[in-house]
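The following note sets out comments on helix packing and on the nonpolar cores. Please read the points alongside the model.

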Amino acid sequence: MSKVTNTIIAGTGSYIPGNIVSGDRFLESTFFENGNRIDRENAEIISKFSEITEIVERRYACPDQLNNHIGAKAAAKAIEDALIDKETLDYIIFCHNFGDIPTGSNRTDVLPSLAAKVKQQLGIINPDCVAYDIIFGCPGWVQGAIQADYYIKSGDAKRVMVIGAETLSRIIDPHDRDSMIFSDGAGAVIFEAEEAAEKRGILAHKTETHAVNYGNLLTMGKGSNPDENNGNFYLKMNGRKLYEFAVIQVPQVIKKAIDKADLSVDDINIVFVHQANGKMDTAIMKRLFKLYGKDTVPENLVPMTISWLGNSSVATVPTLLDLVLKGEVQGYNVKPGDVAVFASVGAGMHINAFIYRF
């Protein structure tokens, strides 16, 4: 019997900063909109924000930690979990958007690449372990996994580690309500080649970029406070338009990936979706099932960490995966044969998804 090359998950790791930031942290903030101070009590603003996003608290990295540091922590855990020799890694792909941002600064550092910094921290000597970064918005880690699949299926690599990490707390505008969405964190996954008689692991994937009409939904821009003139640029988004875009477009990309794998939505046992906004993710799943003519989404299909971890961009999906595999998300687990969807959406606007059989 002929064998196929599968791309399977060999190990996972995550780093969740211990600095818990509740909504109360923003009670003393001054929020602006369209150059004018928002004329509402902060307690009301925070309450409404939590109602819309389902975010109650988020995590921020410690002052002495850079993005590459927390990425390396997740990477080390993934290597330990996979029970491999770190020198056997063929690639380290670090997915992020803002590089290293020191505490108290608004300037980014991406020289050398964060992947190279992680390789240095891990003490990997093998020069054939190639380390590079991906900047692809929030879908960066999913795209890194897709690249790992290409490397492995082509025969170019046997083991690829994909890291997603971000310290968004250092690039957000303190005078913008949307800043309460974002957080810090890191996740890492090691993908490995497997020769087997049956196909499993990554079965299919799909990526789209909608730049012409939607590229300005997430950008860098000046602070909301009209009196600020320090030259800083901050992460800015058109929340309403982004929500509408995601709810319409993401389900279609997920369906294309499921169809490409010759499966149906009924075959899906769990969905690891980017933790951007709780209500948005719920709406995405409802519309996905509508595309298959179904009115309800099965219970315990979509694990969520948004309420206590916030949106850590590229880190949300690998962190969620690690927590589920380690039994740390109540009511969720995976078993051999289960089929998962991994999906994300973000700046670009990029959308991607891959289908995985455990």
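At what angle do helix α2 and helix α3 pack, and how far apart are their axes?

1. In this predicted model, helix α2 (residues 67–82) packs with helix α3 (residues 114–122) at about 55 degrees, and their axes are 9 Å apart. Because of that angle, α2 is oblique to α3. The crossing of the two helices, α2 and α3, is right-handed.

2. On the α2 side, the contact is made by Asn-67, Asn-68, His-69, Gly-71, Ala-72, Ala-75, Ala-76 and Ile-79. On the α3 side, their partners are Leu-114, Lys-117, Val-118, Gln-121 and Leu-122. By class, the residues of this contact comprise seven nonpolar, five polar and one charged.

3. The largest nonpolar core contains 56 residues. Ile-254, Ile-258, Val-271, Met-280, Val-341, Val-345 and Ile-355 have the most contacts inside this core. At least two of its residues come from each of α1 (42–53), β10 (201–209), α6 (239–260), β13 (270–273), α7 (278–291), β14 (339–346) and β15 (350–357). Helix α6 provides the largest share, nine residues.

4. Which residues does Met-280 contact, leaving aside its neighbours within four places in sequence? With those neighbours set aside, Met-280 is in contact with Leu-242, Tyr-243, Ala-246, Val-247 and Val-345.

5. Another core, of 35 residues, lies apart from the largest one. Ile-134, Leu-321, Val-329 and Phe-358 are among the residues of this other core.

Technical notes: Residues are numbered from 1 along each chain as its sequence is written. This is a predicted model: local features need pLDDT of at least 70, side-chain atom pairs count only at pLDDT 80 or more; totals for chains, interfaces and linings use all residues. Side-chain values use heavy atoms; hydrogens and water are left out. Axes are lines fitted to C-alpha atoms, for helices over the stretch in contact, and angles run from 0 to 180 degrees between N-to-C directions. Helices (H or I, at least four residues) and strands (E, at least two) are DSSP runs, numbered from the N terminus. Angles under 35 degrees count as roughly parallel, over 145 as roughly antiparallel, 65 to 115 as roughly perpendicular and the rest as oblique. A crossing is left-handed if the near helix is turned anticlockwise from the far one by less than a right angle, and right-handed if clockwise. Contact means heavy atoms within 4.5 Å. Ala, Val, Leu, Ile, Met, Phe, Trp, Tyr, Cys and Pro count as nonpolar, Asp, Glu, Lys and Arg as charged, and the others, Gly among them, as polar. A nonpolar core is a set of buried Ala, Val, Leu, Ile, Met, Phe, Trp, Tyr and Cys residues joined through side-chain atoms within 4.5 Å. Buried means under 20% relative accessible area, exposed over 50%, partly exposed in between (1.4 Å probe, protein chains only).
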